[in-house]
Every structure is written in C-alpha cells, then in structure tokens.
Amino acid sequence: MEENVYTQKQKVGYSALDERGRMSSVALLFALQEIAIAHADSLGYTLDYLEKEQKGWAVVNWHICVHKIPAYKDVLSLETWCSKCRRLQAERSFSVADESGVLVAEAVSRWVYMDLEERKPANITEHMVQQYVSARKSALPNERFQMPKKDLAQKIAERDMEITRRDTDMNGHANNVKYLEWALDDIPREVYRSREIRDIRIVYRKECLEGDVVHRETYVKDTAEGREFLTFLLNQEGHTLAELATVWQ
C-alpha cells in the first residue's frame, strides 16, 4: 500500500439504499466521513485523544464526483489520503472503486484543525503533518472549492426547519452529512427518479445547533453539465450557514 494512504472495504447494505434500490449519495458521503475518521484513528488521533486535547477537525468543503451508482451488496474499495496539510488546514482526497476496479467516485475535502475550548483554528503540529501527508496527488487536482452562483437560477422551494437532537453529533452541532440530506429533500421527484446525481459541492460557513431555526432555499438552472440545484441554508439573522450544489444528468 502506498505510504500514508488508508484503504477500507465496505459492502453496500440495505440501510444505504435509496428508493431506487441503489446506494444513496447521503450514504456515500457518510462512508467518506467514516473512512476519514478511521484513518485518523489508525494514526493515533482518535476521538478520545482529540477530546483530551480539546482539538478537532471541522470539514469546510466537499467536492464529490460520482461516476457510477453502487448497487445493493456491491463491495467497495475506499481509499483516503491527505494531499496537503499545513498551518491550520488540510486537504483530504478519496477514491471509491467497485470489485472490478471500476471507479465509483472521487472526492476532495478541506478541513480546519480547531481548538474546541477557544472555538478558533489551531496550528497543525509538524508531527501531524509528517503522519498525515501522502506523496499521492489530489484526487481532483487544482480544486479551488468554488461554488456556483445562483444568477439566472429559479427558486423552486423554501421552508423553515428546526434543528433537532437527531440531527446533531457528539460535538452538539448538526453533522455535515445532514446538510446534504436536507438539500436532497427539495430535489423534485421526477428529477430524483429519472436522473443520476453526478456532482456534489458543499461549503459549510457557520455551525447550527439543536433548537436553531434554519431557513432553506432551493434554486434550479440548466447547465452544460446537467440540471443544477443550489441550496442555501440561512440563520434567522439572514447569514448563510451552508451552500450546496448538486448536478443531475
């Protein structure tokens, strides 16, 4: 195995399926999050260690390119590695393939190392850099994590929702996977059933906590790549909490 590349196999279970009987994009994002945690555990940076040090990783960006939708009982080979790690943040790449070696998805994510007591970014130690960084290049080279604009887009849905206990994780804020789950709720049924999701972009700007009321707006526009849906989550003051973009072909 290439140095500092972490590999894990996973079978697509029933709970990972969507209404079409294939692996949902939410389940895929959850799998990527889990292998990132497993990689950190393998290097000694376990949740117990981070809690003791009052440190933690906060994901701020995702870009996932989906090439193939896995089916029930497919065995997937997931790989993750850190292509950049310096000062306050790190870039983590992912690759997912099926048993035949066919590429299922590629992804990159950006994470900020946080001081949980001070609630601000913390410096990544040189030892952590040596432990994490791989010689392998980014899964999506030259990724700048730019989000599409909603110019020329049409608003198709908006609603208010309250963050509940089931949405939160051990840090007390809404888990990053939940944001994609919420965004997919407003994808029109005819699109969800007849098209394939091919691209997912997420930027997290502010955390939301149990009891917060969040306003959600969804827009759509047609692009050369497919039908693009933009979702914006806003707090009661009108500040953006997160932006999500999904492309369906």
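Predicted model: local features only at pLDDT ≥ 70, side-chain atom pairs only at ≥ 80, totals over all residues.
Some ground rules come before the details. Local features need pLDDT of at least 70 and side-chain atom pairs count only at pLDDT 80 or more, while totals for chains, interfaces and linings use all residues. Numbering starts from 1 along each chain as its sequence is written, and side-chain values use heavy atoms, with hydrogens and water left out.

**Rings and charges**

There are 10 aromatic pairs in the structure; rings of Phe, Tyr and Trp (its six-membered ring) pair if their centres lie within 6.5 Å, and planes under 30 degrees apart count as stacked, over 60 as edge-to-face and the rest as tilted. Two of the pairs are set out here.

| Pair | Centre to centre | Angle between planes | Type |
|---|---|---|---|
| Tyr-45 and Tyr-49 | 5.5 Å | 65° | edge-to-face |
| Trp-62 and Phe-94 | 5.5 Å | 35° | tilted |

Tyr-45 is buried at 6% relative accessibility, whereas Tyr-49 is partly exposed at 32% (buried means under 20% relative accessible area, exposed over 50%, partly exposed in between, with a 1.4 Å probe and protein chains only). Ring pairs also tie Tyr-45 and Tyr-49 into a cluster with Trp-57, Tyr-113 and Tyr-132.

Trp-62 and Phe-94 are both buried. Their pair bridges distant parts of the chain, with Trp-62 in strand S2 (residues 55-66) and Phe-94 in strand S4 (residues 89-97), 32 residues apart. Helices (H or I, at least four residues) and strands (E, at least two) are DSSP runs, numbered from the N terminus.

Charges sit over rings too, meaning that NZ of Lys or CZ of Arg is within 6 Å of the ring centre and within 35 degrees of the ring normal. Arg-136 does this with Trp-81, 4.5 Å from the ring centre, and Lys-150 with Phe-232, 4.9 Å from the ring centre.

**Cores**

A nonpolar core is a set of buried Ala, Val, Leu, Ile, Met, Phe, Trp, Tyr and Cys residues joined through side-chain atoms within 4.5 Å. The largest has 50 residues, and Trp-62, Ile-64, Tyr-179 and Leu-233 touch the most other members. Helix H1 (residues 25-42) gives the most to this core, with eight residues. A second, separate core of 13 residues includes Leu-43, Tyr-45, Cys-82 and Tyr-113.

Lys-73, in the loop between S2 and strand S3 (75-86), has a positive phi of about 75° although it is not a glycine. Leu-152 is another non-glycine with a positive phi, about 70°. Leu-152 lies in the loop between helix H3 (126-132) and strand S7 (154-162), and is exposed at 82% relative accessibility.
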